[in-house]
Amino acid sequence: MAYAYDDQNIFAKILRGEIPNTTVLETDHTLAFRDIEPQAPTHVLVIPKGPYVSFDHFAADATDAEVIDFVRTISKVCKAEGVTLADGDGFRMIANAGKHGVQDVPHLHVHILGGRHMGRMVSRTD
Ligand code: 5GP
């Protein structure tokens, strides 16, 4: 079955300029912007500009140029935020997918969280 992409999701609206955002970095294929409800001193969302619902969708269907640009943009954001292991204390990357992954916005986004100790990865609570 094909992946279904809903172009009315909030990040699609951000990409079309219908909703404002605080941009950290923008390239031909990728946008990085601050989360509206930050959970850490650094909380940046990195999204591809293409219509991909989740990481598995992106990994399967994106062009090589899109994949490379997305990965390199994540690196640049980490560097700009001072959270790389080269110049900081590290970070957590999260990409929630679907119902079990508790994904609220159905457009692929990687959360980059840092600037504080993030605690253990997953709790057992629902
Ligand atoms: P998810 O639960 O899908 O992994 O994460 C969605 C994230 O998007 C949440 O952290 C939420 O705070 C963020 N978010 C939701 N709406 C907006 C918005 O309009 N602007 C920005 N910058 N972030 C948003």
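## The ligand and its pocket

In this predicted model, the ligand sits in the largest pocket. Two elements each give two or more residues to the shell around the ligand: helix α1, residues 10–15, and strand β2, residues 30–34. The largest share comes from α1, with three residues.

How many residues surround the ligand? The count is 16. The closest are Asp35, Asn96, Asp104, His109 and His111. Sorted by class, the shell has eight nonpolar residues, four polar ones and four charged ones.

## Polar contacts with the ligand

Start with Asn96, one of the closest residues. An N or O atom in the side chain of Asn96 is 2.8 Å from an oxygen atom of the ligand. Val105 uses its backbone instead: a polar backbone atom of Val105 is 3.0 Å from an oxygen atom of the ligand. Ile36 also takes part through its backbone. There, an N or O atom lies 3.3 Å from a nitrogen atom of the ligand.

How much of the ligand does the protein bury? Taken alone, the ligand exposes 520 Å². The protein buries 83% of that area.

Look next at Thr73. This residue lies in helix α3, which spans residues 64–81. Is Thr73 buried or exposed? Its relative accessible area is 1%, and the cut-off for buried is under 20%, so Thr73 is buried. One of its polar atoms lies 2.7 Å from the backbone oxygen of Asp69.

His57 is found in another helix, α2, made of residues 55–61. Its relative accessible area is 6%, so His57 also counts as buried.

## A loop residue with a positive phi

Now turn to a loop. Val102 lies between helix α4, residues 98–101, and strand β5, residues 110–114. Is Val102 buried or exposed? Its relative accessible area is 57%, and exposed means over 50%, so Val102 is exposed.

The backbone of Val102 deserves a look too. Its phi is positive, at about 55 degrees, although Val102 is not a glycine. Most residues other than glycine have a negative phi.

Definitions and conventions:
Residues are numbered from 1 along each chain as its sequence is written. This is a predicted model: local features need pLDDT of at least 70, side-chain atom pairs count only at pLDDT 80 or more; totals for chains, interfaces and linings use all residues. Side-chain values use heavy atoms; hydrogens and water are left out. A residue is near a molecule or strand if one of its heavy atoms lies within 4 Å of it. A polar contact is a pair of N or O atoms within 3.5 Å; within protein, one must be able to donate a hydrogen and the other to accept it, and residues adjacent in sequence count only if both atoms are side-chain atoms. Accessible areas come from the Shrake-Rupley method with a 1.4 Å probe; for residues, only the protein chains shown count as cover. On a 1 Å grid over the protein atoms alone, a cavity is a set of points where a 1.4 Å probe fits but cannot get out, and a pocket is an open set with protein on both sides within 12 Å along at least five of seven lines; lining residues have an atom within 4 Å of a point. A molecule sits in a cavity or pocket if more than half of its atoms lie within 2 Å of its grid points. Helices (H or I, at least four residues) and strands (E, at least two) are DSSP runs, numbered from the N terminus. Ala, Val, Leu, Ile, Met, Phe, Trp, Tyr, Cys and Pro count as nonpolar, Asp, Glu, Lys and Arg as charged, and the others, Gly among them, as polar. Buried means under 20% relative accessible area, exposed over 50%, partly exposed in between (1.4 Å probe, protein chains only).
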